[in-house]
Structures are given as structure tokens and as C-alpha cells.
Amino acid sequence: MKFKVLGKTKERIPVIGMGTWEIEDSAKVVGSLLAGLKKGARFIDTAELYGTEPVVGKVLKKDDDFFLATKVTPSHFGYNNIIKACDSSLEKLGVKQIDLYQLHWPNPLVSIKETMRAMERLVEDGKIRYIGVSNFNVRRMKEAQDALKKNEIVSNQLLYNPLERDIENEILPFCEKEKITVIAYSPLARGKILNRKPEIIKVIDELAGKYGKTPVQVTLNWVCSKRQVVAIPKSSTVAHTEENVGAADFTMKKEDIKRIDDASSGFPYPNWGKTILSKL
Ligand code: NAP
């Protein structure tokens, strides 16, 4: 497993973690997450909104040595609500401390100063270690950082895969400049990466042959080839999870990364961030 430094901290996190949106609370899924941990994907992402904190809690009872990230829902961004939401997440997870606590989406209806006051209180009380955001555009990230007195935002969780590269316009360059980690969500385009655009698939297939890897592994490797980016694919099977973790143990040549860049440039939501994220 390869690691990247989280934000400006000294923490190192695996470049491949595991998402948990829409997983079931079953022995099969617990087994799959444990298999991923065993192979080195020691980073699990959940959210109060997903309803999957209890199943992550079950994993934690068997193996608690991983970087634990969860998210607070925007309707809970008022001061008292964040504190309550965090206490509830801690209870569901069965831990005393969350490594990374993320604001799931911006909420323009609540003052970011109030929200960040609560987040800093949680750090002071030792309930969370690091503050992150998700789906924040550059303007929102600047506001969020300005609202913090003692802490820095370490990460922004964003949609990123070869079919959805909009963050490359503004947010990714900003995060690179400010040393904020980008946690790529839906890095396999929700499982549709390999049945969408033939011109991209052709290149990915060729590179899979060249490196002796699978097309999924080449895709995830491309996502993590970007300096500031780590990825959190979701899988509920041991085979897929182990395949995903295997995306981290090789390095593609620059010219091969560029081949995927070229094949996928501009497809299919070139202005997604400008149209959706900028309205938030
Ligand atoms: P994803 O990871 O891009 O794709 C998941 C899909 O790909 C599942 O259907 C999975 O099926 C399939 N898959 C996984 N590994 C595979 C493999 N090796 N071969 C073939 N198919 C494979 O999509 P995602 O779940 O949307 O994103 C990942 C995580 O990001 C989420 O679980 C969540 O933690 C986070 N997320 C965050 C936000 C946000 O707003 N912050 C939004 C969306 C997602 P199987 O289960 O059958 O393997």
C-alpha cells in the first residue's frame, strides 16, 4: 500500500480506502471490509446519513487499527446539533474518537462560523482529530477555513473519476496549492466506469494488459496518480475489495497516465463543478 500525507498534518493515510455508502449490515460486508484492512486499505469512510456507522462499528470490534472518517449531515450544522450528531456517531461506531469528521455538503442556511466553532470544540474535547469538508467549492472552502481559529481543513471529499473530472478546473488546483487532501468519491463512477465510453475503455484495457493489472486497478491507479488525491471505492465483496486494494501497488508511467487524461478529457460533465458546486 502507498500512503499520502493528510493535508498539512504528519498523518499518513493509504491511497486506497474503503467507502461504505449503500452497504448492508451483514457478515459478508463485515468480512469484505476486514479483508480490505488486511490487505492494507486501512481507511474507512462512512457518514451519519448512510446509516452504515453501526456496521463499521462491528468491523472496529474485530480490527480497530485504521483511519476512521465519518460525516455530519448539513441539517445538523447548528452548534448544538453538531455536538449531538458527533456524540451519536461515536456511540454508533463504538469509539471515543473519530479521526476525520467531515461536513457532508455545504449548508448556506447555517453560518459557517457557528458550524466551525462546534467543530473546533469537538477537536478541543478530543472527540475528533481532524476537520474535513465534502462537496465544497473553492469559495466555500475559503469561507470554511477563515471561520476556523486554531485548526486547518485537512481534506475535501469530492466526485472524481475518469468520466467526471470537473474538479480539475478549480478545486483540485486549489487543494494542491493549499495542501488539502482530495478524497475521491465514486472513483469507479458507481461501478459504471467500465461500460460507458468505448474510447476510454480501450485505453484502460490496453494499459491493464501492459501492467498486468485489471481495468478497475488501472482506473483507481489513475485517480490516485494525481498528487493530492486518495480514493475510497466501495465494494461489498471480498474479491472486488482485494482487487481495489491491488490498485495501489504499481506506478504507471507519465505517458500512460496522459493517455487516460487525453482519452477522457471533457467527458461528460465538463462544467459540473461550475454549475452545481458553485451554486452551493
Ligand atoms: P464507487 O466506489 O465508484 O462504485 C461502487 C460500485 O462499484 C459498487 O456497485 C461496487 O459493487 C462496484 N465495484 C467496486 N469495486 C469493483 C470492482 N473491483 N470490480 C467491479 N465493480 C466494482 O461508488 P460510490 O459508492 O458512490 O463511492 C465510493 C464511496 O464514496 C461511497 O461508498 C461513500 O463512502 C463515498 N461517497 C461520498 C459522497 C459524498 O457526497 N461525500 C458521495 C458518494 C459517495 P460491489 O459492491 O458489488 O463490489
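Analyst: **Cavities, pockets and the ligand**

The largest cavity holds about 40 Å³ of space. This is a predicted model, in which local features need pLDDT of at least 70 and side-chain atom pairs count only at pLDDT 80 or more, while totals for chains, interfaces and linings use all residues. Residues are numbered from 1 along each chain as its sequence is written, and side-chain values use heavy atoms, with hydrogens and water left out.

Here a cavity is a set of points on a 1 Å grid over the protein atoms alone where a 1.4 Å probe fits but cannot get out; a pocket is an open set with protein on both sides within 12 Å along at least five of seven lines, and lining residues have an atom within 4 Å of a point. Volumes are the space filled by probe spheres set on points joined across faces, edges and corners.

Searching the whole structure turns up two cavities of 30 Å³ or more. Lining the largest cavity are G17, M18, L33, P233, K234, S235, T241 and N244. By class, that lining has three nonpolar, four polar and one charged residues (Ala, Val, Leu, Ile, Met, Phe, Trp, Tyr, Cys and Pro count as nonpolar, Asp, Glu, Lys and Arg as charged, and the others, Gly among them, as polar).

Now to the largest pocket, with about 640 Å³ of space. It is lined by 30 residues, of which W21, S186, P187, R190 and K234 are the closest to its centre. The lining divides into 12 nonpolar, 12 polar and six charged residues.

The ligand sits in this largest pocket, meaning that more than half of its atoms lie within 2 Å of the pocket's grid points. Around the ligand are 27 residues, each with a heavy atom within 4 Å of it; S186, L188, S235, S236 and H240 come nearest. Helix α9 (residues 238–245) gives the largest share of this shell, three residues; helices are DSSP runs (H or I) of at least four residues, and strands (E) of at least two, numbered from the N terminus.

A polar side-chain atom of H240 is 2.6 Å from a ligand oxygen, a polar backbone atom of W21 is 2.8 Å from one, and a backbone N or O atom of R190 is 3.0 Å from one. The protein covers 86% of the 900 Å² of accessible area that the ligand has on its own (Shrake-Rupley method, 1.4 Å probe).

Key:
Polar contact = N/O pair within 3.5 Å; in protein donor to acceptor, adjacent residues only side chain to side chain.
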